[in-house]
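Have a go at each task before you read its solution.

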Amino acid sequence: MPEQEHVAPRKIVWSEVFPWLNLARCFRIAVQLRLLACGALGLLVMLSGWSVLGFVFSGNPAILPDADPVLSSCPWLAGAELIGDRPGVFGLKWGVPPGDVAPILPSPGRTEAGSTGLPGPGRATAFGQYEPAHPFWGVWELLSAPWRNLFDPNWTPASSTDRLVRFAFLLLSGLWALAVWALFGGIITRAAAIELATYDRAKTIRSIRYVAARWRAYFAAPFFPLLGVLLIGLPVAIVGLLLRIELTGWVAAILWPLLLVHGWLMALLLLGLLFGWPLMWANISVEGVDSFDAVGRAYNYVFQRPLHYLFYALVATIFGALGWLLVWNFVAAVVALTYGAAAWGAGPARMASIVGRSADLGVLGTFTAGWIAFWVQGLKLLGTGFLFSYFWTASTAIYYLLRHDADATEMDEVCPEEEPSSQPAEAKNAVPPTSPGGLPESQAE
């Protein structure tokens, strides 16, 4: 009887069996210092622009409440306060006896009412009601809030002027957020696209060059569906003019089935845009295409693979919540341990005065407390950058998965990085000298 040849068992690559496990890599990519800084800087620039718009439109309380936490706070503190003053679930506090439930000392700029710059759970702002402190759904709600509120049917203005002012405020806020994240979101998605496909880190300078060359494509992609909604809704608005006069209202009633078809088309466009706009950024970063292709791919994946998209989003939400819990507690631990170690030398009472920026501090003491608060808030802002770096990284990973499901494209296919040319432009464009026979001299010899 012939002996059977022994075959060594093959190692199982679980990421090939379950491709969605690639979403677990997003945390390791998102916590890179350069991507954290990119996310934090993008948040700071966006909030700065919103604060300027809040100042410009603050004269109309019907449009912008005076106490709006997004727009009335210092952008530096507003972004940092997402980390919060609490040390997290580990309960790390300095200068507090074990078992004491007293909160950590408040940071400068935090009011007694608990205003944190960005809205917490269930808090209403000019951009709506949402929970931003989550690295996937919260960021999606925050960035899309101005555009979603443009189509809010429940807001009834007191006058046509209020409607126009509110429209201008939300439109400018949305355009500013779109312009900011067309740059910073593009850089993060491009870096994530390279690393997810090749397992190599993308060069930061090359990612910036790549995004700068395609910034208009990132910025313009969401506008094409909105333009379609405008063109489809224009005939409906024209027919709606007939409803102003009782004598001609019956004509609009007869045409109403056609108007419902227009409404159906507008709903499809807005639905695809609502869930597909993060995929547009990822498509441009992965494929290097223009806005038209980005819109087409995004809509195709949203409507062709809706259950896949929902599943990947839920998995990304779970991984993101765990990652945010780790980042949040780590930043809180760094702050608490630094305060605690400094209190050994300065004394708890003196440290409490400095951290709380007491009124009895002198000029130098106030200067010292201000700089300490600046560095602490800077660290918190850097930690907050994880919310945005993870959102764009996970969106890129979801795009890879949807592309693999819909088009059977391998996960490692990505538009390659452009190698910087070492030859001067004149040398590249120069025509080699030719011999009398018409061939280059090197071949003629």
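Is alanine 145 buried or exposed?

**Solution.** This is a predicted model, so every value below is computed from it. Begin with the relative accessibility of alanine 145, which is 0%. The cut-off for buried is under 20%. Alanine 145 therefore counts as buried. To place it, look at helix H5, residues 137–150, where alanine 145 is found.

**Exercise 1.** Describe the overall make-up of the protein chain.

**Solution.** Start with secondary structure: the chain has 17 helices and two strands. Next comes burial, where 44% of the 445 residues are buried. Last, take the contacts with a sequence separation of 6 or more: 77% of them join residues 24 or more positions apart.

**Exercise 2.** Work out how helix H9 is oriented against helix H11, and which residues make the contact.

**Solution.** First locate the two helices: H9 covers residues 223–240 and H11 covers residues 256–287. Their axes are 9 Å apart, and the packing angle is about 160°. Angles over 145 degrees count as roughly antiparallel, so H9 and H11 are roughly antiparallel to each other. On the H9 side, the contact is made by Pro225, Leu226, Gly228, Val229, Ile232, Gly233, Pro235, Val236 and Val239. H11 contributes Leu259, His262, Leu265, Met266, Leu269, Leu270, Leu273 and Met280. Sorting these residues by type gives 14 nonpolar, three polar and no charged. For the handedness, H9 passes H11 in a left-handed crossing.

**Exercise 3.** Take leucine 226 and find which residues it touches, leaving out those up to four places away in sequence.

**Solution.** Leucine 226 sits in helix H9. Its relative accessibility is 18%, under the 20% cut-off, so leucine 226 counts as buried. Its partners, with residues up to four places away in sequence left out, are Trp147, Phe151, Leu270 and Leu273.

**Exercise 4.** Is leucine 274 buried, partly exposed or exposed?

**Solution.** Leucine 274 belongs to helix H11. Its relative accessibility is 28%. Partly exposed is the class between the buried cut-off of 20% and the exposed cut-off of 50%, so leucine 274 counts as partly exposed. Not counting residues up to four places away in sequence, leucine 274 touches Trp140 and Arg148. A further pair to check is leucine 274 with proline 222: they are 52 residues apart in sequence, and 9.6 Å apart from C-alpha to C-alpha.

**Exercise 5.** Now classify the packing of H11 with helix H15.

**Solution.** H15 spans residues 363–407, and its axis comes within 8 Å of that of H11, with a crossing of roughly 75°. The class from 65 to 115 degrees is roughly perpendicular, so H11 is roughly perpendicular to H15. From H11, the contact draws on Trp277, Pro278, Leu279, Trp281, Ala282, Asn283, Val286 and Glu287. From H15, it draws on Phe391, Trp392, Ser395, Thr396, Ile398, Tyr399, Tyr400, Leu402 and Arg403. By type, the residues of this contact are 12 nonpolar, three polar and two charged.

**Exercise 6.** What are the phi values of tyrosine 199 and alanine 408, and where do these residues lie?

**Solution.** Tyrosine 199 has a positive phi near 65°, in a residue other than glycine. The loop between helix H6 (160–198) and helix H7 (204–213) is its place. With a relative accessible area of 54%, tyrosine 199 is exposed. For alanine 408, phi is also positive, about 55°, although the residue is not a glycine. Alanine 408 is in the loop between H15 and helix H16 (425–429). Its relative accessible area is 60%, so alanine 408 is exposed.

**Exercise 7.** How many disulfides does the count come to?

**Solution.** Recall that a disulfide is a covalent bond between the sulfur atoms of two cysteines. The rule asks for a pair of cysteine sulfur atoms within 2.5 Å, and by this rule the count is zero. As a last step, look at two of the cysteines. Cysteine 26 has 0% relative accessibility and counts as buried. Cysteine 38, with a relative accessible area of 9%, is buried.

Conventions. Residues numbered from 1 in each chain as written. Predicted model: local features only at pLDDT ≥ 70, side-chain atom pairs only at ≥ 80, totals over all residues. Heavy atoms only, no water. Axes fitted to C-alpha atoms, helices over the stretch in contact; angles between N-to-C directions. Helix = DSSP H or I, 4+ residues; strand = E, 2+ residues; numbered from the N terminus. Parallel < 35°, antiparallel > 145°, perpendicular 65-115°, else oblique. Left-handed = near helix turned anticlockwise from the far one by under 90°. Contact = heavy atoms within 4.5 Å. Nonpolar A, V, L, I, M, F, W, Y, C, P; charged D, E, K, R; others polar. Buried < 20%, exposed > 50% of the residue type's maximum accessible area, 1.4 Å probe, protein only.
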